[in-house]
Amino acid sequence: MGLGNKLRLNSRMLHRRILYSSARSFTTTEGHRPTIVHKRSLDILHDPWFNKGTAFTMTERDRLDLRGLLPPSVMDSEQQIQRFMTDLKRLEEQARDGPSDPNALAKWRILNRLHDRNETMYYKVLIANIEEYAPIVYTPTVGLVCQNYSGLFRRPRGMYFSSEDRGEMMSMVYNWPAEQVDMIVVTDGSRILGLGDLGIHGIGISVGKLDLYVAAAGINPQRVLPVMIDVGTNNEKLLKDPLYLGLQQHRLENDEYIEVIDEFMEAVFTRWPHVIVQFEDFQSKWAFKLLQRYRSRYRMFNDDVQGTAGVAIAGLLGAVRAQGRPMLDFPKMKIVVAGAGSAGIGVLNTARKTMARMLGNTETAFESAQSQFWVVDAQGLITEGRDNIDPEALPFARKTKEMERQGLKEGASLVEVVREVKPDVLLGLSAVGGLFSKEVLEAMKGSTSTRPAIFAMSNPTKNAECTAQEAFSILGDNIIFASGSPFKNVDLGNGHVGHCNQGNNMYLFPGIGLGVLLSGTPIVSDGMLQAAAECLAAYMSEEEVLKGIIYPPISRIRDITKRIAAAVIKEAIEEDLVGGYREMDARELQKLNEEELMAYVENNMWSPEYPTLVYKDD
């Protein structure tokens with residue numbers, strides 16, 4: 001063989017080795033390189049990570065022993081989506097299990113079957129139709145899914161750790177096939193949305209959240225892991241249900257509970273030291289305790305406490321802008337908060353910090369900020385006169401004498417508080433459907449604000465404190481309305497529209513997760529969460545905000561996420577917490593200008609494109 005031929009042969013062999021090593025370590029910027037697989041024939045068709053269905057080219061069909069196992073016509077991904085969408089519309093009614101199975105659940109079933117067959121196409125459909133299908137894979141439909149999970153379970157998705165696995169979790173994590181996991185969403189099922197203790201059925205919320213991490217943030221779906229920690233349930237219906245799939249025992253409490261969560265955290269961070277863990281739907285008494293226990297040691301955050309707070313803050317800042325005022329006027333807002341659970345307290349803490357920072361971050365600034373909130377829970381207005389106040393709510397308890405001067409007392413009702421305070425904002429995080437009654441909304445007519453805001457943020461839809469229709473019909477068009485679940489805009493006549501803003505956590509948590517991942521920060525700081533909220537608040541144009549539109553449409557979610565991720569990375573650099581990611585080390589990351597940083601984020605967002613598959617025998 002001549003020297004030239006040898007050089008060309010060596011070059012080809014080197015190129016193949018590079019392709020092989022690159023494919024083993026996935027990076028989104030290499031999405032068009034071939035992927036090495038170790039299976040062929042029916043095994044490929046039954047693997048949702050690699051299955052392309054009719055999109056396999058004839059060359060791939062020959063290479064992977066698929067010829068004859070598929071119809072002969074080769075379709076591209078767009079043709080596949082067209083076929084799927086046609087079938088979806090036709091099957092929506094047929095997939096219903098009678099009158100108790102609503103159309104949304106039928107759509108979930110059909111999408112879930114696609115997810116089981118072909119992950120790439122599933123995410124392609126989800127991203128292309130995110131406005132229609134986000135409410136199906138996430139709130140509000142995911143609540144219905146969780147309530148019916150034992151009946152819907154067909155194939156496992158994610159991992160289950162239980163109190164019966166104590167002492168085994170370190171070895172169990174190696175049962176998961178992925179060598180690298182970037183994002184875990186974990187729940188103990190104790191407080192799913194506003195539906196209460198759903199036990200092991202809560203795995204549905206972890207799956208739904210991670211679907212949005214993939215669709216909105218471009219996290220590689222092969223690097224996400226939904227997790228359910230089963231420590232029992234206090235739901236008597238589930239304890240008596242012979243078909244329930246979880247442990248039929250009451251929940252662990254105190255040190256026993258903490259020991260299970262500790263073991264889980266140690267296990268996942270031992271195998272995947274750079275993973276990010278998002279805690280989801282833990283009951284209030286554990287949400288704060290676990291957040292404080294782990295946040296300085298691990299890359300973790302609690303979306304109910306911190307994500308909900310960030311989205312609410314972005315909306316509150318938007319409400320200030322909608323009045324034609326600068327965001328720096330936020331500390332002047334009077335806010336009545338209905339609900340003192342993990343979400344409510346999380347919003348209060350974040351709002352107080354935001355106000356105090358705008359006022360100079362002094363002790364006086366914190367006291368001034370604290371005085372802008374009136375908190376009402378199931379027992380009424382929280383004051384210092386209450387016995388056994390929750391320690392988390394104590395900083396927001398109003399002084400008894402001060403309340404007497406306002407004509408209020410401990411335990412005053414929500415309508416009494418609204419009448420006397422005349423707030424700029426009525427913020428609902430109570431999970432009590434219809435709490436903002438006609439009487440409460442009528443009382444908001446006395447608001448001293450030029451454009452009062454009604455935030456009915458509880459999920460799912462049946463737990464919303466009021467509907468958009470109720471708010472606009474009673475208060476007229478000169479209000480700002482936001483909700484946690486989607487409502488349609490309200491036609492107010494004469495060409496006027498009452499805009500319903502969905503203040504959904506999905507605006508923030510995908511960008512926070514992506515920014516933390518790409519920055520390499522060892523922790524998720526308050527500054528990063530604040531940067532994310534302020535980025536979302538500033539996203540809308542002045543023209544949009546003055547129309548009462550304070551949150552962007554879900555259709556822009558990839559762009560929103562990209563900008564929030566960039567804001568989180570910039571804050572990590574500012575706090576000297578940046579560690580770099582893959583080939584981008586900390587020093588190089590610090591040198592990026594605004595345009596380069598946005599390009600860096602975009603290049604590391606996974607997109608659902610079919611890779612070329614190459615078989616290699618083990």
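Colleague: Leaving aside its neighbours within four places in sequence, which residues is N459 in contact with?
Modeller: N459 makes contact with T139, L193, G194, G484 and S485, once neighbours up to four places off are set aside. Keep in mind that this is a predicted model.

Colleague: OK, and where is the place of N459?
Modeller: In a loop, the one between β11 (453-456) and α21 (468-475).

Colleague: What does UniProt list for "binding site"?
Modeller: The entry, which is unreviewed, gives R191, N459 and N504 under that label. R191, N459 and N504 are also in the lining of the second largest pocket.

Colleague: Let's do N504 then. Which loop does it lie in?
Modeller: N504 sits in the loop that runs between β15 (500-502) and α22.

Colleague: Is N504 buried or exposed?
Modeller: Buried: its relative accessible area is 2%, and the cut-off for that class is under 20%. Beyond four places in sequence, N504 touches Y138, T139, V311 and G484.

Colleague: What joins the side chains of K209 and Y138?
Modeller: A polar contact of 2.9 Å.

Colleague: And where does Y138 lie?
Modeller: Y138 is in the loop between α7 (130-137) and α8 (141-147). Y138 is buried, at 5% relative accessible area. Apart from residues within four places in sequence, its contacts are I205, K209, L212, D303, N504, N505, M506 and F509.

Colleague: In which helix is K209 found?
Modeller: Helix α11, residues 203-217. K209 has 0% relative accessibility, so it counts as buried.

Colleague: New topic: strands. How many residues of β8 are buried?
Modeller: Four of the five residues in β8 (373-377) are buried, so this strand is mostly covered.

Colleague: In which sense do β7 and β8 pair, parallel or antiparallel?
Modeller: Parallel, over four bridges, with β7 covering residues 335-338. I335 is opposite F373 in β8.

Colleague: How many bridges are there between β8 and β9?
Modeller: Two, and the pairing with β9 (residues 380-381) is antiparallel. V376 has L381 in β9 as its bridge partner. The link from β8 to β9 is a hairpin through two residues.

Colleague: What about S519, which helix is that in?
Modeller: S519 belongs to α22, residues 509-519. S519 counts as buried because its relative accessibility is 0%. Leaving out residues up to four places away, S519 touches I569, A572, V578, G579, G580 and L589.

Colleague: Last thing, confidence. What is the mean pLDDT of the protein?
Modeller: The mean is 89, and 92% of the residues reach 70 or more.

Colleague: Over which residues does pLDDT stay under 50?
Modeller: Residues 1-30 are one such stretch, with 28 contacts in the model beyond four places in sequence. Residues 95-101 are also below 50, with nine contacts beyond near neighbours in sequence. Where pLDDT is low, the coordinates should not be read in detail.

Note on methods. Residues numbered from 1 in each chain as written. Predicted model: local features only at pLDDT ≥ 70, side-chain atom pairs only at ≥ 80, totals over all residues. Heavy atoms only, no water. Buried < 20%, exposed > 50% of the residue type's maximum accessible area, 1.4 Å probe, protein only. Contact = heavy atoms within 4.5 Å. Polar contact = N/O pair within 3.5 Å; in protein donor to acceptor, adjacent residues only side chain to side chain. pLDDT = per-residue confidence, 0-100. Pairing = 2+ DSSP bridges. UniProt positions renumbered as here; feature names shortened; annotations may be inferred. 1 Å grid on protein atoms, 1.4 Å probe; cavity = no way out; pocket = protein on both sides within 12 Å on 5 of 7 lines; lining within 4 Å.
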